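Colleague: I have a few questions about the terms used for this model. Please set each term against its definition.

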Amino acid sequence: AGGRVLRATATDSVPLPGLKVVLHRVGRLEQGPIDSALTDAAGRFHFGFLADTAAIYLVSARHAGIVYFGPPVHTNPIRPDTAITLAVADTSSDAPVNFDARHIVVSAPAADGTRSVVEVVILHTDGPLTRVGRDSTQPVWAERIPAAAVGLTAGEGDLAPEAIGRLGDSVVVRAPISTGEKQIVIQYTIPAGVPRLDYHFDAPVPLVNLMVEEPGATVDGGLTQQADAERIQRRPFRRWQGRVPAGGVVSIRLPRPRQVARWALRGLIALVLLGLAVGALRVFRAPVAARVPPPSPDALLNTLARLDATYDGREAEVPPDEWARYLDERARLKAALTDALAARRSAT
């Protein structure tokens, strides 16, 4: 009931005949591949199926060892059938990856004197190639963070969290980075007693947005302090902003920590993302505190699909503890997706 036959056709700018395209379904009770097809001589593919409007459908294809996903298929019965473009690319270790923006949020010290830092990094890859590492030992992309930082973890962005890690004084990405805009969310801790944080920029960044909670902190390095302040969970953050050239250094001098109430890191991460409007990031405007909904079903589905593409069929070759972490993360994402789908149905 409520379903319809939906037909999706896609053509890449350079036709790729014989490419296997897979149709995925994610719903409350079941998920996984439901059909596959090979592209014809013109690079087109076609699926005909009865669409469940409570589920999400996605197409994917593997090319040059990398899995690519198209946008979610529309299943609204009042909309016409949708043509989907599924773009795949050849790979290169020299494909440029540029900064669009780097947002850094430094909280006041917790009761034990440690400070929490959240970064939201916006990258952009131009051109027709997907960026890969030179070999299996080399990261695909890296940026430097303060050497004193400990406990780096990745949040939910456009790259799978398990593909993001640390190497020396840098956060690194070990997964391919395809064309277009990518958002990376990381968090780390500054131990108690660290008097200064130095951010070294090996590449130019058009927009650096720095927010610091402590009134006594000072900032050097060419950023301009903004007259307005951001408020996150009723806490005021002073804000500095500007462009940083390659080779630039932004330094934050921190006051001696005081005993304050413990900062909830998870709440900080969520509220920072709420305060950074995606549209403002793309046009390089000053961030405006905004409340946006939690991760959408589409975003959760993309994260889940990337995770499955990384581990599907590899249980025998993956260490047991890593496989267990994969299953736990998959279950968490699936539960979040189920809640998001239920919220979507309630809203409609």
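Colleague: Which residue stands opposite Val 172 in strand 14?

Modeller: Ala 142 does. Bear in mind that this is a predicted model.

Colleague: What makes strand 11 and strand 14 a pair?

Modeller: Two strands pair if DSSP finds at least two bridges between them. Four bridges join strand 11 to strand 14, so by that rule they pair. The two run antiparallel.

Colleague: How do you know that strand 13 and strand 14 pair?

Modeller: Four bridges are found there too, in the antiparallel sense, and at least two are needed. Among the bridge partners in strand 14 are Val 173 for Ile 164 and Val 172 for Gly 165. Strands 13 and 14 also form a hairpin with two residues between them. Gly 168 in that turn has a positive phi of about 65 degrees.

Colleague: Why are strand 11 and strand 13 said to stand at the edges?

Modeller: The open sheet has the order 11-14-13. Strand 11 (141-144) and strand 13 (164-167) each have a single partner strand, so one side of each is left without a neighbour in the sheet. Neighbouring strands of this sheet are turned by 30 degrees against each other on average, direction ignored.

Colleague: Which way do the residues of strand 14 point, and are they buried or exposed?

Modeller: Ser 170 and Val 172 point one way, Val 171 and Val 173 the other way. All are buried, which means under 20% relative accessible area.

Colleague: Which residues touch the most other members of the largest nonpolar core?

Modeller: Of its 37 residues, they are Trp 141, Ile 184, Tyr 188, Tyr 199, Leu 210 and Ile 252. Strand 14 is one of the strands that each supply at least two residues of this core.

Key. Residues are numbered from 1 along each chain as its sequence is written. This is a predicted model: local features need pLDDT of at least 70, side-chain atom pairs count only at pLDDT 80 or more; totals for chains, interfaces and linings use all residues. Side-chain values use heavy atoms; hydrogens and water are left out. A nonpolar core is a set of buried Ala, Val, Leu, Ile, Met, Phe, Trp, Tyr and Cys residues joined through side-chain atoms within 4.5 Å. Buried means under 20% relative accessible area, exposed over 50%, partly exposed in between (1.4 Å probe, protein chains only). Axes are lines fitted to C-alpha atoms, for helices over the stretch in contact, and angles run from 0 to 180 degrees between N-to-C directions.
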